Amino acid sequence: MAALTFDSKPVQTLRRLLARRSARHDEGRFVVEGAVLTAEAVRAGWTCIGQYAPEGSGINVEGAGPVNELALGVFDRVATTRAPQAPLALVAMRVPDVAETLAAASFVVVLERIGDPGNLGTILRSAEAAGVDALVVTPGSADVFNPKVVRASAGAVFHVPVITATLEDVGAAGYRMVGTTSHAFAGRTVADHTATDLTGRVAIVMGNEAAGLPDDWNDEFGPISTWMTIRHHGRSESLNVAMAATVLVFEAAHQRRVRGS
C-alpha cells in the first residue's frame with residue numbers, strides 16, 4: 001500500500017486532536033479509531049479527511065480518504081487505547097444549529113454538566129436505540145468529540161444530533177422539562193418514572209454524576225416543571241447516570257409508541 005500524505009506532521013496532529021478539546025474545536029476535526037467506527041462515519045455521510053494505519057498493514061476503509069502510513073510501533077504509541085485498532089481516521093466535525101435542531105425535535109435528553117466521557121457516549125448509544133431526536137449538553141459538559149465518547153457511543157455520535165445549549169434555550173423552544181432525582185426534597189413532588197408522562201414535546205433532564213440537579217430547581221421556582229425518580233431496592237442511593245438515562249429513554253420510547261406520540 002503506497003503511503004499517501006495528507007498531513008506533514010501526522011504524529012503531532014493525532015496526539016493534539018486526541019488529547020485536547022480546544023485543538024479539536026479550533027481545527028474542526030476529530031479522531032475516530034477502528035475500521036468499524038470509521039466505516040460507520042462514512043455510511044452516515046460524515047466527511048472523512050484521511051486515515052492513518054501501521055506501515056504494511058494494508059488497512060484502508062473505503063470512502064475514508066487517503067491513507068498515511070505510520071512507521072512500525074508509532075501507531076501504537078500515538079493511539080490512546082491499549083490495543084488500538086487501525087485506522088485512526090480524521091473526521092470533520094458537524095455542529096448542528098441549536099435553534100433548528102430544537103425546532104425539529106420533539107423528544108430530547110438534556111445533560112446538565114455531564115463530566116465523564118464514557119457516560120456521555122453510553123447515553124448517546126442508548127438515545128439512538130430509543131429514538132431520541134437530539135441530545136443537549138449544557139456548557140461545561142464533556143466534549144462529544146472526545147475519543148472516549150466516540151468509542152462508547154458505538155457509532156451513535158454519527159446519528160444523534162448533539163448541541164450545546166442551556167435549559168433556558170430548551171424551555172424557550174417549547175419543551176416540557178422533566179427533571180430526574182434520586183431523593184425527595186421539600187416543596188418538590190416526585191413521581192415514579194413509569195407514572196410520569198413522557199409523551200409529547202418533552203425533554204428529560206439528567207444531572208451531573210456527583211451533584212445531580214440543583215435542589216432549588218423545584219416546581220415553583222426552577223426551570224423544571226415535573227420531577228421523576230427510578231425506584232430501586234438495596235443499599236445504592238442512585239443509579240449511574242448512564243444506566244438511569246437508559247432506563248428513562250426506553251420508558252419514554254414505550255409510552256410514545258403505545259400512545260402514538
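The second largest pocket has a lining of 20 residues, and those nearest its centre are Arg94, Pro96, Val144, Phe145 and Val162. Two elements give two or more residues to this lining, helix 2 (21–27) and strand 7 (162–164). Strand 7 contributes the most, with three residues. By residue class, the lining of this pocket holds 14 nonpolar, three polar and three charged residues. The space in the second largest pocket comes to about 290 Å³. The model described here is predicted.

Strand 1 is the next element to consider. Strand 1 pairs with strand 4 (residues 88–92) in the antiparallel sense, over five bridges. Within that pairing, Val32 has Ala89 of strand 4 as its bridge partner.

Thr138 sits between strand 6 (134–137) and helix 7 (147–152). Is Thr138 buried or exposed? With a relative accessible area of 5%, Thr138 counts as buried, because the cut-off for that class is under 20%. The side chain of Thr138 reaches the backbone nitrogen of Arg113 at 2.8 Å. Leaving aside residues up to four places away in sequence, Thr138 touches Val110, Leu111, Glu112 and Arg113, as well as Thr164, Ala165 and Leu167.

Technical notes. Residues are numbered from 1 along each chain as its sequence is written. This is a predicted model: local features need pLDDT of at least 70, side-chain atom pairs count only at pLDDT 80 or more; totals for chains, interfaces and linings use all residues. Side-chain values use heavy atoms; hydrogens and water are left out. Helices (H or I, at least four residues) and strands (E, at least two) are DSSP runs, numbered from the N terminus. Buried means under 20% relative accessible area, exposed over 50%, partly exposed in between (1.4 Å probe, protein chains only). A polar contact is a pair of N or O atoms within 3.5 Å; within protein, one must be able to donate a hydrogen and the other to accept it, and residues adjacent in sequence count only if both atoms are side-chain atoms. Contact means heavy atoms within 4.5 Å. On a 1 Å grid over the protein atoms alone, a cavity is a set of points where a 1.4 Å probe fits but cannot get out, and a pocket is an open set with protein on both sides within 12 Å along at least five of seven lines; lining residues have an atom within 4 Å of a point. Grid points are joined across faces, edges and corners, and a volume is the space filled by probe spheres set on the points. Ala, Val, Leu, Ile, Met, Phe, Trp, Tyr, Cys and Pro count as nonpolar, Asp, Glu, Lys and Arg as charged, and the others, Gly among them, as polar. Two strands pair if DSSP finds at least two bridges between them.
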